[in-house]
Amino acid sequence: AFSIATALITFDQKACFTYRLTSQLFDHRYIIEFATKALKDRDKRCFAMEPSTGRAFVNPQTMQIERIECRTPNHPITPGTLTLWTWSINYSKVILNGKTFWLPQRVTTKSVAYGSPVEWSFDATYRNYHGLTVTHRIIP
């Protein structure tokens, strides 16, 4: 569900979002604020269609995204039920087979229905990553 999160902060999505680098560091990280462009100003290939805003926290030494937060008002979670949907992903460095990857460490999401006490939430922690290596040989 969150496999495209880091793609929100890429050059490829500049036709879909507006970006602003804040003028100060927060917790020793750069903050990039983003928001979906108005529907009339967006490219038809944009994957994020709902109006959303968010922030990405970037480590200034590694230039890696360490956290992404997003807020989507009026998100339809079931037919006829609109919610305020918020989610965040924390990334951490993982070394697999001697290579460095920045992978999700924690994913949280919450949708709160307007005018109702109903709330949907999800909180997952990821650790102990393992690499999978497959070797194959085709014999004619």
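Q: Where is Q13 found?
A: Q13 sits in the segment before β1. Strands are DSSP runs of E, at least two residues long, and helices are runs of H or I with at least four residues; both are numbered from the N terminus. Keep in mind that this is a predicted model: local features need pLDDT of at least 70, side-chain atom pairs count only at pLDDT 80 or more, and totals for chains, interfaces and linings use all residues. Residues are numbered from 1 along each chain as its sequence is written, and side-chain values use heavy atoms, with hydrogens and water left out.

Q: Is Q13 buried or exposed?
A: Here's the scale: buried means under 20% relative accessible area, exposed means over 50%, and partly exposed is in between (1.4 Å probe, protein chains only). Q13 has a relative accessible area of 8%, so this residue is buried.

Q: Which residues does Q13 touch?
A: A contact means heavy atoms within 4.5 Å. Leaving aside residues up to four places away in sequence, Q13 touches A7, L8, Y19, C46 and F47.

Q: How many bridges join strand β1 to strand β2?
A: Two strands pair if DSSP finds at least two bridges between them. Here β1 (residues 17-21) and β2 (residues 30-36) run antiparallel and are joined by five bridges. To spot one, look at F17, whose bridge partner in β2 is T36.

Q: What about β2 and β3: how many bridges join them?
A: Six bridges link β2 to β3 (residues 53-58), and these two strands run antiparallel.

Q: Which residues have the most contacts inside the largest nonpolar core?
A: In soluble globular proteins, nonpolar side chains tend to be buried together. A nonpolar core is a set of buried Ala, Val, Leu, Ile, Met, Phe, Trp, Tyr and Cys residues joined through side-chain atoms within 4.5 Å. The largest one here has 17 residues, and I9, F34, I68 and W87 have the most contacts inside it. At least two residues of this core come from each of β2, β3, β4 (65-78) and β5 (81-96).

Q: How many salt bridges does the structure hold?
A: A salt bridge is a side-chain nitrogen of Lys or Arg within 4 Å of a carboxyl oxygen of Asp or Glu. The structure holds six. One of them pairs E33 with R20, where the closest N and O atoms are 2.6 Å apart. E33 lies in β2 and R20 in β1, so the pair ties together parts that are 13 residues apart in sequence. E33 is partly exposed at 28% relative accessibility, and R20 is partly exposed at 46%.

Q: Which residues are linked in a network of salt bridges?
A: That would be R55, R67 and E69.

Q: Which residues form a nonpolar patch on the surface?
A: Patches are made of residues with over 30% relative accessible area and no salt bridge; like charges are joined within 9 Å, and nonpolar side chains (Val, Leu, Ile, Met, Phe, Trp, Tyr) within 5 Å. L21, Y30 and M63 form this one, with about 310 Å² of accessible area together. Such areas come from the Shrake-Rupley method with a 1.4 Å probe, and for residues only the protein chains shown count as cover. M63 is in the loop between β3 and β4 and counts as exposed at 54% relative accessibility.
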